[in-house]
Each structure stands twice: as C-alpha cells, then as structure tokens.
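Welcome! Please look over the two chains below, and then we will walk through them together, one part at a time.

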Amino acid sequence: LPDAHYAQAQLVCAACGCVAAEGLLTTTFGDEEHLREVAFSRSTGQREQRSRSVQRGVKRVQDLCRVLRLPRALEETAVSHAERALPRAAFRRLGLPKKELLGGCCVLASCRQHGWPLTMGTLCSLLYADAELLAGVYRGLRAELRLCVPALGLAELVKTHLNSFRLFQQAADIPAPFVEDKEQTVTRTLQVVELAGDTWLVTGRHPVPIVTAAAFLAWQSLRPAARLACTLARFCRAAGVEVPPPAPLRLKELHDVLLRMAAQLAWLRVLRLDKKTVVKHLGDILQHRVFLLRKAFRTEDEEEEEEDEEEKEEAPLDAPISDSEIEQYLRGREEARAFGKAKAWL
Amino acid sequence: MDGVSPLEQYLERCNGQDDISTSPQLFAPMSPYDVDLPIQTTPDAPFASQFNQPKELPPDFSSVDLSFLPDISQDDQDQNPCEGAQDTQKELDGSVSRNEDSGVFLEESGLSEADTTQPCSETSGVCPPLTPMTPVTPVTPASESSGIVPQLQNIVSTVNLACKLDLKNIALHARNAEYNPKRFAAVIMRIREPRTTALIFSSGKMVCTGAKSEEQSRLAARKYARVVQKLGFPAKFLDFKIQNMVGSCDVRFPIRLEGLVLTHQQFSSYEPELFPGLIYRMVKPRIVLLIFVSGKVVLTGAKERSEIYEAFENIYPILKGFKKSS
C-alpha cells in the first residue's frame, strides 16, 4: 500500500503495517547528476531578508522617531513607509544625503497621517537639510508610494508650538506681568488662528508665523494694560522663540481684520479703535466672530460690485480708436483656428 | 501589476516621464528652459494617439454621431467595463462634455483597433475606477464657458540650425550675445523684437524662449538664424518645434486651496510650507496648473495652445466650487 510519511513515499504492508519499501531521495542517475541546485535568489530566503541598505534606512527612521519622541504607532507607520520606499528603484540610487532626507520624509508623512504637527522647518533643522532638496524628495516619495498625506493640522500645531513658549511659568528674566496661563492662551490663540483661516490669511502661507502672531495677540489681549506696549520681537524674546520673518506681516493683517470686524460692533465703532487698542477688545470680537465675519464680508462684496460698475461707466463713448487698438482684440488666423479647436472640446 | 488600477497604471506612466528632481524648477522664476526639452517618444504614444486623433478626425462634427453620448455607459457596458466610472470621472473634472468628447474619439479609436479592452486602460484619464473619494463638486452644464481666456506668457521652442557653430566667434561678432563657457556651454543671444532670448549651442541646436505666441516664437527663431547666417555660418532652419507653452489667467475670486486638495487628492499637491500655490497635475490634457489663493492660475506643459485653453476650461468649474463662501 502506498502511504506517505511526511513527504517520503513509502510502501506499507496492508496487513501488519510494516514499512516494506521507502521512497528514495532520487530515482534515477539522471536526477542525481543533471538537475541544478536552487539558487538563493529564487528561494524564499532572499525575499525574507532585508538588504543592508534598507536596514540602515529603517534604523535611521527609527532613530529620528526616537529623537522626536514620537509614539509607537507613528514610528511603525514611518518604518513601513521606509520599508516600501527604500527598495524601490527610484530611491535605491540616491546618495547618502538624499537617503537621509528620504527617511525624514517617511517620518514626516507618518506624522501627517497621524495628525502629529511636525513642520518641515523642524525636519530641515534636524537633518541639516536644504528646504528645496527636502521638498523634492518629499514630493518624490509621495508620488512613488502614492501616499495620501493630509495637510498640517493647525490646531495641533498651535498646541505644540506654544509648548515651547516660556511665558507660562515664573522665571527670573520674565517680567511678572508677562506670565500667563497656558490653557487660556492656547484657547484664545486657537480662536485667532481659526479667524485667520476664515479671513484668508492662512491659505498659501507658512503656518508657523501665523501661530506666532496669533499667540502674540491672544497673549496681549489677556492682560492689555501691561502688555500693549510690548512688541512682537520683545514677546518672542521673552518667550524664548525666534521671530519668524513673516510674523510681523501676519500680525498687521490680523490687526486689519480685527479693525474691520470691530467696526461692525456698534459699541466699538464709537471708540475709533486703532491697531493698538483693538486688541483690548479681542475677547468681544472673538465672541461675536461668526456674525461679524458675515457682516464684514458682505459689505466687501458689495464694494467690489460697485467698483466694477464704476469702471464701466467711465469709458467715454466717442473716444478715438486706433487701428492697433482694434487689432489687439482680433484673433489672428492661427489663434482663431486653435481657439475654434478648443471650443470644439466644449 | 496585479491589483493596480488602470488609473494607477496611467499615472505611473505619466510620472515615469517626469524627472522628479527637476520639478522644483517649476518655481525658479527666470529659468530660460522651462520644463522638459528632450522630445518624449514612446511613453507618449498612448497620449499622442489621443491628442492626434482629434486633429485627424473631420472638424465638421456633423459626421460624428453624438446622439449616443448620454447613453455611453449603457451602450458599451459589455465592451468597456470601466465606462461606468466615466460618470464619476465627469463629476471629478466637472466638465461633462470634454470627457464625453474624448470618450467619443477614444471609443472610435478603440473600435477601429477592434480591441475593446485596450481603450479602457489607455483612456484611464477618462474612466478610472476611483479610490475612496471625498465628496466631489457638482457637475456644471456643458454649455457654460468661463468667458476667461488664459494669456500666453512664454513659449519655449527649439530649432536645428544644422551646422557646427563656433561659439567664441559668434560671441565676438554679435552685439547681443553673451558667452561664458565656464558657466554654460552655449551662447545667450537676445533680440528686442520679438523680445526673446536664445540659447545657441555649438552643435547648431538652438532654444528660443520668451515669446508670447507661436508666431512670435517662430519669427524670433528665424531672426536668430538670420543673425547666425550673417555671421558666416551656413545655418538652416530645421525641425522647428514648440516644446512648452506657459499661460496664465485670473478667475477673479479667492480659492480655498485646502478644500481643493482634499477633493482632488490624486491630482493636487498643496504644501504651504514649501510653496504658496497648489500644484494640479491634470491628466487630460497633460498640463500642470499652479493655482493660487488669489485666483491667479498658471498653466504650463502644453505643446499646443488648445491644451492650455482646454485645461483652463476643465479647471474653472472645479475652482468655482471652491469660491469663498464665508
């Protein structure tokens, strides 16, 4: 009876169950002499082992995560990105500096996906990298791995960024009136940042300067009497952070927005506020911001429409028209053909 | 390639042609040579056929039976299984007629090839099976046009003068030429009318940039060739080709880039930490758009003017959906 013992064919007696004959390892001389060995690259061993460069890359990613003190889940995501990215043809050829950036970009992507507010600026300073170079590698990584990476979360960024401000505890070099409660500052800064987003100050801009300017305004408004005289630069120095170059511009824009909104509140309109004094009423403005925003934008829209109408009326009817002026409105033959073709697509 | 959707295959082919490391050049303000100069050959074949076919078809569309356009998903369900997704793709682009038209052309090409499964993957710009999508802007009626015409800002063209040139000699005898062999191995020549710049290489190849129209670019290139001729070289004027066209326009309303990147993830890249604009890589036509919060739009990567117009007509309804509403 044929009966197999694991993978070895055996013939077993039906009556007593003794093994009568065993399968041989090979059956013919041909098998023993002419078959080829199984190459390591074709066995499963090759696939299960990681190449050394991938291992190094993964270790770099893990080190970065430890330095940034990221939670375990983030580290795992970053490592999985690195494991996918590093063996790829597009990245295997990268020089060492770019491979470092690649590791950083995996960490960045992972942070974004988990809502951890790591900024590119932080990453650049960590890796001593040029922002342009980082941008290129990051874009390449996203394209190659087809990563869906959400945008940097401003709310999280506010909380993290304010963590590094020194104004929430007494210290020798900080004047007493400057110290503020962290919770209140964070809450109000969040509101100001949200306001900035609603009023188009955030789209297309670097996020950190907005947060800095918002924090400054929030901090000022919590104790205006003592803090109105303080400048943004002084505030940042006291807080122990650098002044991002665009921050003064963002501050000015925020002031303008606040002034426009304050003009909609009857009891503030009579006060004739300027950019210094409007901060005192930030609380009021924030409280009524939904209503004020709607009012402020509506009047703005109307203004724009009026402007358009005015322009049309000003053009005189019988002004002399030169040939060259007409010609600028006429389509050349080539252009007309091309545009006709484009119209056909419609 | 198992398990990779046709859209991903298509995009992979697109991406394979782009050199990722050169994409930052998009933001370099005055680089004389904009996007890719070398003529792309075979990978473009599926695209090229899509672009060329409309030209070869009779411009008189009465001969084309358009009556089946609304029923396209039902008529061809058995032939073209991914046509069903064409509806969602139409929503995605927000421009119904464009996709339908391209569907017409590509369908015809597909039928003529008698290979009905092929067009599906080649036209994946038209009928991709979509990955999970966030809500998409509503479809606008086909007849609505934006009324805004993008203005051409820059044309990059190349021509072959077909003779070896002595660059030092040229730099010596031409007033409008500069030549710094240590910095760059070409003569930089400028003319005032049309106001353009040319890079002239010792091989006889020339790049002409800065013109605002195709005719101007050709005229300028001819003027440069004349200059080279007058300097004593037997210059010809071979293989003049427009390599890239850049256009810009203004939609006149602010745009919520954060929203746009959410709903058009596959095509958009918006990283305010890196660049203030949103980079939209349109698949059909293959144009890159830089969209800014102010409403200004820059379109680049076109070989023909119609591609710029078409790309803008495609994006306009999408942008309208993200007009400010606070």
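## A tour of the two chains

In strand 5 of chain B, Val159(B) has Met206(B) as its bridge partner. Before going further, please note that this is a predicted model, in which local features need pLDDT of at least 70, side-chain atom pairs count only at pLDDT 80 or more, and totals for chains, interfaces and linings use all residues. Residues are numbered from 1 along each chain as its sequence is written, chains are lettered from A and ligands numbered from 1 in the order in which they are written, and side-chain values use heavy atoms, with hydrogens and water left out.

Helices (H or I, at least four residues) and strands (E, at least two) are DSSP runs, numbered from the N terminus. Two strands pair if DSSP finds at least two bridges between them. Strand 1 (residues 151-160) of chain B is joined to strand 5 (residues 205-211) of chain B by five bridges, and the two run antiparallel. Strand 1 of chain B also has eight bridges to strand 6 (residues 238-250) of chain B, again antiparallel. Within strand 6 of chain B, Ser248(B) is the bridge partner of Gln151(B), while Met245(B) is the bridge partner of Ile155(B).

How enclosed is strand 1 of chain B? Eight of its ten residues are buried, so strand 1 of chain B is largely enclosed by the rest of the structure. Here buried means under 20% relative accessible area, exposed over 50%, and partly exposed in between (1.4 Å probe, protein chains only).

These strands belong to an open sheet of ten strands in chain B, ordered 2-3-4-5-1-6-10-9-8-7 with antiparallel pairing. Strand 2 (177-179) and strand 7 (268-269) of chain B are at the edges with a single partner strand each, so one side of each has no neighbour in the sheet. Helix 10 (residues 305-320) of chain B packs on this sheet, touching strand 1, strand 6, strand 8 (278-282), strand 9 (287-291) and strand 10 (296-302) of chain B. The direction of helix 10 of chain B makes about 140° with that of strand 10 of chain B. Such axes are lines fitted to C-alpha atoms, for helices over the stretch in contact, and angles run from 0 to 180 degrees between N-to-C directions.

Is Ser269(B) buried or exposed? Ser269(B) is buried, with a relative accessible area of 17%. Leaving aside residues up to four places away in sequence, Ser269(B) touches Gly277(B), Leu278(B) and Ile279(B), where contact means heavy atoms within 4.5 Å.

Now for chain A. Its open sheet has three strands in the order 1-2-3, with antiparallel pairing. The edge strands, each pairing on one side only, are strand 1 (2-5) and strand 3 (19-22) of chain A. Neighbouring strands of this sheet are turned by 40° against each other on average, direction ignored. Three bridges connect strand 2 (residues 8-12) of chain A with strand 3 of chain A, and Val12(A) stands opposite Val19(A) in strand 3 of chain A.

Helix 4 (residues 72-85) of chain A has 14 residues, which at 1.5 Å a residue should span 20 Å; its end C-alpha atoms are 20 Å apart, which agrees. The expected span is 1.5 Å times one less than the number of residues. Buried residues of helix 4 of chain A include Leu74(A), Val79(A) and Ala85(A). Their cover includes helix 3 (52-67), helix 5 (89-92), helix 6 (96-113) and helix 8 (131-145) of chain A.

Further along, the axes of helix 10 (residues 182-198) and helix 14 (residues 247-262) of chain A come within 11 Å and cross at roughly 85°. These two helices of chain A are therefore roughly perpendicular to each other (65 to 115 degrees; under 35 counts as roughly parallel, over 145 as roughly antiparallel and the rest as oblique). Where they meet, Val192(A), Leu195(A) and Ala196(A) of helix 10 of chain A face Leu254(A), Val257(A), Leu258(A) and Met261(A) of helix 14 of chain A.

Here are the chains at a glance.

| Chain | Secondary structure | Buried residues |
|---|---|---|
| Chain A | 19 helices and three strands | 40% of 346 residues |
| Chain B | ten helices and ten strands | 49% of 326 residues |
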